[in-house]
Amino acid sequence: MVKYMEEFHPPARLLMGAGPSNVNTRVLRAMSVPLLGHLDPDFISVMDDVKVMLRLVFQTANNLTIPISGTGTAGMEAALVNILEPGDTFIAAINGYFGARLAEIASRCGATVHKVEAPWGTAVDPGAIEAELKKHPRVKAVSLVHAETSTGVLNPVPEIADIVHRYNALLVLDTVTSLGGVEVAVDKWNVDVCYAGTQKCLGCPPGLAPLTLGPRAQEALAGRKTPVQSWYFDLSLLSSYWGQDRAYHHTAPISMIFGLREGLRVVLEEGLEHRFQRHQRNAAALRAGLQALGLELFAQEECRLPCLTSVRVPEGVTDARVRTALLRQYNIEIGGGLGPVAGKIWRVGLMGENSYPSTVFTLLSALETILTGEGYEVAPGVALAAAQQVIAGAT
Ligand SMILES: Cc1ncc(COP(=O)(O)O)c(C=O)c1O
């Protein structure tokens, strides 16, 4: 039989890169049940469940809380295209690849974009945002990436949200790599627009972008002078499908929404607080193990993200050879660096389904063997012992 006609059996990879992460088996099962129509009353009840559970996970009472059809980038586009009109002034906080993508999308919406940049591996400085806000009257919105996946940095949201609101601007927050892994408190932090993705800490495949819009952002949407440039992402149209009217807008990705419903049930059954602590503990164990191997962590200590750890490729070791060996010999995927840190860092995700001691130990022991084979000197067993100490609560 020709190869393309053979049934495909994917290898059982441990997805420890920057996302996607492995999917919970309950989610996979939920996605394989028979289809319903996108206006079927039973599907509408599934949509309602998803809206309720998304509000719980985003920690918000926002009525406009729905999954956008599309990956995290669809969330980025939907967030900005609904808020921005040509001629608006916008500030993009950039300390990595995804902050820069938001700036690019905002400029395609016709906004005048001002960038507040911080070096990769460091957090955005709230003072620098305030200084930029002072320079420009009537800034419509400021964007911030909560968990910058390209560097493994967690940015300070509450402080920045307060500043942004003092200048009457809206805060657009990217939580693609944080939602379900670290605290995202939309109402407590006063975030106006917040979106995420399903394939990281929510234990689902890529394909949906949960999004929530607070009262100030809804007011901005209602007060637009021009129609939203994207018909597909126009939230006033989408909210009539997801709201009372149930008017057809586009054919919802039914099976993905079944999967998200199950993924959210898994998250809430575990409990948000427990989940955040689990991510913290396993990240601490991984960091201890990597440091015991003599590796240097990339993100600065005070802003390290639990869901993704960035580590410098050691001198004399070839990035691609190690990642290929992990993939081919151990079935483990980790991420390489993007842009200015390509070839210089590895990015190890411990997200949702993968944030467990077993995955930490599996990666550390594979890495120890591969690095030894590459001529990098490692004291046998120290990485596992260091990680074990953290897991056991001994440090
Ligand atoms: C912080 C962040 N924002 C946005 C995106 C874009 O999401 P996607 O690749 O699902 O379109 C990603 C993807 O990794 C991300 O990490």
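1. Start with the helix pair H2 and H10: these two are oblique to each other, because their axes make an angle of about 40°. Keep in mind that this is a predicted model. Helix H2 covers residues 41–58 and helix H10 covers residues 254–270, and the axes sit 9 Å apart. As for handedness, H2 passes H10 in a left-handed crossing.

2. What do the two helices put into that contact? From H2 come Phe43, Val46, Met47, Asp49, Val50, Met53, Leu54, Leu56 and Val57. On the H10 side they meet Ile254, Ile257, Phe258, Leu260, Arg261, Leu264, Val267 and Leu268.

3. Next, have a look at helix H5, residues 126–135. Which of its residues are buried? Pro126, Ile129 and Leu133 are. Seen down the axis of H5, the buried residues fall within an arc of 55°, so they line one face of the helix.

4. Staying with H5, the face turned away from the buried side carries the exposed residues Gly127, Ala131, Lys134 and Lys135. And what does the buried side pack against? Its partners are strands E3 (89–94), E4 (112–117) and E5 (139–145), along with helix H6 (157–166).

5. Gly17 has 24 other C-beta atoms within 10 Å, so it counts as buried, the cut-off being 20 or more. Leaving out residues up to four places away in sequence, Gly17 touches Glu333, Ile334, Gly335, Arg347 and Gly349.

6. Pro20 sits in the loop between E1 and H1 as well. The peptide bond joining Gly19 and Pro20 is cis, with omega about 10°. For context, most peptide bonds are trans, and most residues other than glycine have a negative phi.

7. On the phi side, two residues are worth checking by eye. Arg138, in the loop between H5 and E5, has a positive phi near 55° without being a glycine. Asn331, in the loop between helix H12 (319–330) and strand E12 (332–333), is not a glycine either and has a positive phi of about 65°.

8. Are those two residues buried or exposed? Arg138 counts as exposed, because it has 9 C-beta neighbours inside 10 Å. Asn331 has 14 C-beta neighbours inside 10 Å, so it counts as partly exposed.

Conventions. Residues numbered from 1 in each chain as written. Predicted model: local features only at pLDDT ≥ 70, side-chain atom pairs only at ≥ 80, totals over all residues. Buried ≥ 20, exposed ≤ 12 C-beta atoms within 10 Å, placed from the backbone. Helix = DSSP H or I, 4+ residues; strand = E, 2+ residues; numbered from the N terminus. Arc of directions from axis to C-beta. Contact = placed C-beta atoms within 7 Å. Axes fitted to C-alpha atoms, helices over the stretch in contact; angles between N-to-C directions. Parallel < 35°, antiparallel > 145°, perpendicular 65-115°, else oblique. Left-handed = near helix turned anticlockwise from the far one by under 90°.
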